[in-house]
There are 4 protein chains.
Amino acid sequence: MTEPRTVVQQLVTANLILANEGVLDAFGHVSVRDPDQPNQFLLSTSKAPELVVAQDIISYGLDSEPVAPPTAALYAERYIHGEIYRARPDVLAICHHHSPAVLPFCVAGKPLVPVYQHGAMMGAHVPLWDSRDDFGDTNLLVVNSEQGASLARSLGDAKMVLMRHHGATVVGADLQELVFRAVTACKNAEFLYRALALGAVEGLTAGEVEKAARVPPMAMARAWQLWAGRVA
Amino acid sequence: MTEPRTVVQQLVTANLILANEGVLDAFGHVSVRDPDQPNQFLLSTSKAPELVVAQDIISYGLDSEPVAPPTAALYAERYIHGEIYRARPDVLAICHHHSPAVLPFCVAGKPLVPVYQHGAMMGAHVPLWDSRDDFGDTNLLVVNSEQGASLARSLGDAKMVLMRHHGATVVGADLQELVFRAVTACKNAEFLYRALALGAVEGLTAGEVEKAARVPPMAMARAWQLWAGRVA
Amino acid sequence: MTEPRTVVQQLVTANLILANEGVLDAFGHVSVRDPDQPNQFLLSTSKAPELVVAQDIISYGLDSEPVAPPTAALYAERYIHGEIYRARPDVLAICHHHSPAVLPFCVAGKPLVPVYQHGAMMGAHVPLWDSRDDFGDTNLLVVNSEQGASLARSLGDAKMVLMRHHGATVVGADLQELVFRAVTACKNAEFLYRALALGAVEGLTAGEVEKAARVPPMAMARAWQLWAGRVA
Amino acid sequence: MTEPRTVVQQLVTANLILANEGVLDAFGHVSVRDPDQPNQFLLSTSKAPELVVAQDIISYGLDSEPVAPPTAALYAERYIHGEIYRARPDVLAICHHHSPAVLPFCVAGKPLVPVYQHGAMMGAHVPLWDSRDDFGDTNLLVVNSEQGASLARSLGDAKMVLMRHHGATVVGADLQELVFRAVTACKNAEFLYRALALGAVEGLTAGEVEKAARVPPMAMARAWQLWAGRVA
């Protein structure tokens with residue numbers, strides 16, 4: 001049986017890394033599926049990720065409601081997590097963010113395509129969810145299961161989904177892969193933004209995306225070591 | 001009766017947050033209406049916001065003159081505050097700034113429109129005040145009650161006004177809302193600037209702006225906790 | 001008689017401020033005319049400005065050669081200083097830099113015009129010196145009196161001169177004014193760069209430049225207090 | 001005979017400088033030819049450059065395989081180093097990186113030309129290596145001697161080569177020159193990127209590049225002193 005404390009500690013570190021590397025700010029959140037209870041996931045109560053400590057992490061069911069009565073306020077957008085874990089058994093970790101690198105693409109509706117080796121981890125196609133399609137005018141947030149399920153449908157079997165005028169949601173097979181994908185997708189967005197100012201951009205070929213997306217775990221571990229050291 | 005020390009301490013923290021989050025630099029200032037004497041407001045004497053301490057905060061009347069004889073130099077642009085408090089009883093806090101995110105819009109005269117959920121707090125329309133309309137060529141500053149009143153008329157019932165070739169002024173229903181609006185308006189300006197480089201930008205719909213502008217106090221408190229912790 | 005130590009200490013602080021505020025990097029330098037001997041100026045020996053200490057400051061004549069035999073290497077471009085002090089008796093402080101904010105204008109040959117209140121301190125017109133006009137192909141540096149005199153002619157009675165594919169040189173009536181003008185000119189360059197991406201830019205009017213250029217010494221002192229505190 | 005410890009310490013410092021000045025991130029690496037055994041070079045085992053210590057540095061032959069059985073994982077792309085040392089006897093130090101300043105040029109395929117004095121150190125022409133020419137679709141990395149040799153052919157007798165959708169590789173006559181060229185090439189890329197947004201860019205003339213490329217060792221030492229002090 002997995003030592004629960006380890007998962008919680010990893011999730012705290014993921015929160016701190018994603019804040020320190022510029023993916024998360026006062027808002028946004030990161031969760032992990034409970035390794036012992038796949039129908040539950042772990043997520044902080046409502047708090048800026050940069051401030052999250054182990055005591056803030058609690059368990060949620062796939063309905064995105066806390067397993068035990070909570071003693072603190074909850075993230076309004078926790079339904080993103082429950083609905084994606086429900087729809088995607090392969091997903092073991094999720095991050096929702098509003099990174100300055102990615103937001104301009106959500107605003108302009110410009111496709112975010114892979115343009116360098118690690119950017120391939122986003123996949124060849126990053127779908128764009130428009131909350132108006134199913135819900136008309138809203139405050140843009142995902143605040144119930146219906147909206148979470150709509151977002152999960154838009155994500156489909158992709159690795160990342162842009163959310164119109166709002167942000168992005170990224171998934172991973174574990175916390176280390178998730179963090180690596182979230183950070184490198186932001187780098188890719190920055191490179192693409194600048195490359196587009198220089199001229200027409202031809203992205204990676206389909207074959208390159210397929211090959212480059214298989215980043216060796218050792219490479220991801222090297223990055224995690226660096227980023228975790230910065231917040232230790 | 002409100003404990004005065006609390007308001008003064010909050011105002012000091014607002015100064016430090018706005019400097020640390022890139023809204024204020026050596027210039028710019030933030031004030032709060034006196035909760036016990038609505039015809040007075042609290043504002044530092046002339047000092048860079050990053051350096052303001054409780055002892056620098058003094059009381060001003062709605063004529064923007066100090067209630068007691070001052071022992072330090074005053075901000076030349078304090079008339080911005082008095083005239084807006086006079087014209088807008090609903091306004092309890094004001095920030096005047098020259099953030100690098102917003103200045104390009106003041107220079108190019110490009111409309112600053114909401115393009116993400118928190119940007120909606122600026123309101124659907126951010127007016128632009130052109131000091132030449134009432135005063136011709138000036139040094140661009142607001143240095144007397146006539147100029148302050150002109151700016152207040154341009155602000156109207158909006159939440160923020162751009163000042164041509166100069167900066168911006170933001171208002172709030174309290175210091176926490178003001179700080180949140182000032183910071184997120186700068187983020188919105190940055191996202192819009194970059195999105196415009198990617199292509200045509202369709203902002204939030206009128207319905208989205210109306211709904212998203214109602215940011216829950218708990219969300220603003222989460223951001224204040226983070227930002228205040230960084231300058232504590 | 002002026003206390004020499006004060007001037008030297010001010011010059012050290014000017015070096016540190018200009019490095020910390022992003023104007024100077026490993027290269028570039030700042031000097032002050034000797035208040036007691038107007039035909040001499042004070043400048044560090046060859047060292048990154050961020051590392052300059054009082055012991056590095058020595059005296060130079062208007063021929064840009066050290067008054068006493070030097071015990072350390074000298075800046076190759078010290079002729080910029082001697083020739084401008086010779087040509088401009090009103091100039092009491094000089095900074096030569098390669099700030100990232102200004103370089104793009106030196107490369108593109110795009111006019112750097114004032115677009116906000118403090119930018120007016122650059123003056124309505126910032127000339128561009130092209131070293132090819134008098135010297136053909138060089139290594140772009142100013143390494144003798146002839147080149148320094150050519151640059152001084154291009155500066156004329158202006159406050160700042162851009163140097164094609166190289167950097168900029170700024171002058172002031174004292175160190176505090178010089179530092180303020182150098183920093184705010186970089187801010188102006190950044191605002192102009194971004195505003196140009198947003199659309200056509202109409203700069204300040206001639207009347208606005210004239211009025212806004214007269215920044216009160218108290219305002220410059222407020223900025224110096226902030227910036228000096230950051231490097232103390 | 002050279003004191004080996006000195007070279008190793010210099011290589012550690014080069015790792016730290018290149019990370020701190022924004023050239024290297026979690027990935028990328030820097031090597032030096034062994035001064036005593038020109039058919040060998042020194043390079044860290046697999047680790048983020050910011051974390052490299054002397055104990056991580058080991059010796060490799062020109063086949064890019066470790067001289068002694070390694071006790072740690074190796075950089076997959078070490079073949080870049082061996083093949084360039086084999087092809088270019090004049091090269092004594094190499095850096096492979098993915099700097100955000102340079103990546104947009106690798107993505108857009110826009111020529112990186114010298115536009116300021118230190119940029120001339122890149123040489124008048126920076127070739128672009130396209131891994132598809134010899135290998136078709138790959139994961140974009142250089143993971144064997146054939147790929148390393150192909151890259152070395154593309155480099156030819158140049159000082160730097162861009163790698164399509166991947167990064168750049170820079171060479172030097174010693175570590176100090178290499179570090180200076182790598183950092184200033186990134187600055188040049190940033191200046192060029194911004195200048196292109198301002199208008200048409202005419203780079204340095206051929207004569208200027210030739211003259212400006214001969215940066216005096218004293219100037220490079222001044223920069224090294226500054227940058228090394230920041231990571232000491």
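Buried area is the accessible area, computed with a 1.4 Å probe, that two parts lose on being put together, summed over both. The size of an interface is often given in this way, as the accessible area lost when the parts come together. The structure discussed here is a predicted model, in which local features need pLDDT of at least 70, side-chain atom pairs count only at pLDDT 80 or more, and totals for chains, interfaces and linings use all residues. Residues are numbered from 1 along each chain as its sequence is written, chains are lettered from A and ligands numbered from 1 in the order in which they are written, and side-chain values use heavy atoms, with hydrogens and water left out.

The account begins with the interface of chain D and chain A. The area buried between these two chains is about 2800 Å², and carbon and sulfur atoms give 61% of it. On the side of chain D, the residues that lose the most area to chain A are D:F27, D:D137 and D:Y193, which together make up 23% of what that side buries. Counted by contact (heavy atoms within 4.5 Å), the interface takes 32 residues from chain D and 29 residues from chain A.

Between chain D and chain A there are 5 salt bridges, a salt bridge being a side-chain nitrogen of Lys or Arg within 4 Å of a carboxyl oxygen of Asp or Glu. A:R230 forms a salt bridge with D:E50, and the closest N and O atoms of this pair are 2.5 Å apart.

Helices (H or I, at least four residues) and strands (E, at least two) are DSSP runs, numbered from the N terminus. On the side of chain D that touches chain A, the elements that give two or more residues are helix 3 (103-108), helix 4 (131-135) and helix 6 (175-198) of chain D. Helix 3 of chain D gives the most, with 5 residues. By class, this side of chain D has 17 nonpolar, 7 polar and 8 charged residues; here Ala, Val, Leu, Ile, Met, Phe, Trp, Tyr, Cys and Pro count as nonpolar, Asp, Glu, Lys and Arg as charged, and the others, Gly among them, as polar.

The next interface is that of chain A and chain B. Here 32 residues of chain A are in contact with 29 residues of chain B, and the two chains bury about 2800 Å² between them, 61% of it on carbon and sulfur atoms. In chain A, the residues that lose the most area to chain B are A:F27, A:D137 and A:Y193, together 22% of what that side buries. This interface holds 5 salt bridges. In one of the salt bridges, the side chains of B:K187 and A:D25 meet at 3.7 Å, N to O.

At the start of helix 6 of chain A, a side-chain oxygen of A:D174 reaches to within 3.1 Å of the backbone nitrogen of A:Q176. Just after this helix, A:G199 takes a positive phi of about 155°.

Over all chains, the whole structure has 64 salt bridges. A:E21 forms one of them with A:R230, the closest N and O atoms being 3.1 Å apart. A:E21 lies in the loop between helix 1 (4-20) and strand 1 (29-33) of chain A, and A:R230 in helix 8 (residues 217-231) of chain A, so the pair ties together parts that are 209 residues apart in sequence. A:E21 is partly exposed at 24% relative accessibility, as is A:R230 at 37%.

Within chain D, D:R88 forms a salt bridge with D:D90, with the closest N and O atoms 2.9 Å apart. D:R88 is buried, at 7% relative accessibility, whereas D:D90 is partly exposed, at 43%. Salt bridges that share partners also join A:E190, A:R194, B:E190, B:R194, C:E190, C:R194, D:E190 and D:R194 into one network.

How values were computed. A polar contact is a pair of N or O atoms within 3.5 Å; within protein, one must be able to donate a hydrogen and the other to accept it, and residues adjacent in sequence count only if both atoms are side-chain atoms. Buried means under 20% relative accessible area, exposed over 50%, partly exposed in between (1.4 Å probe, protein chains only).
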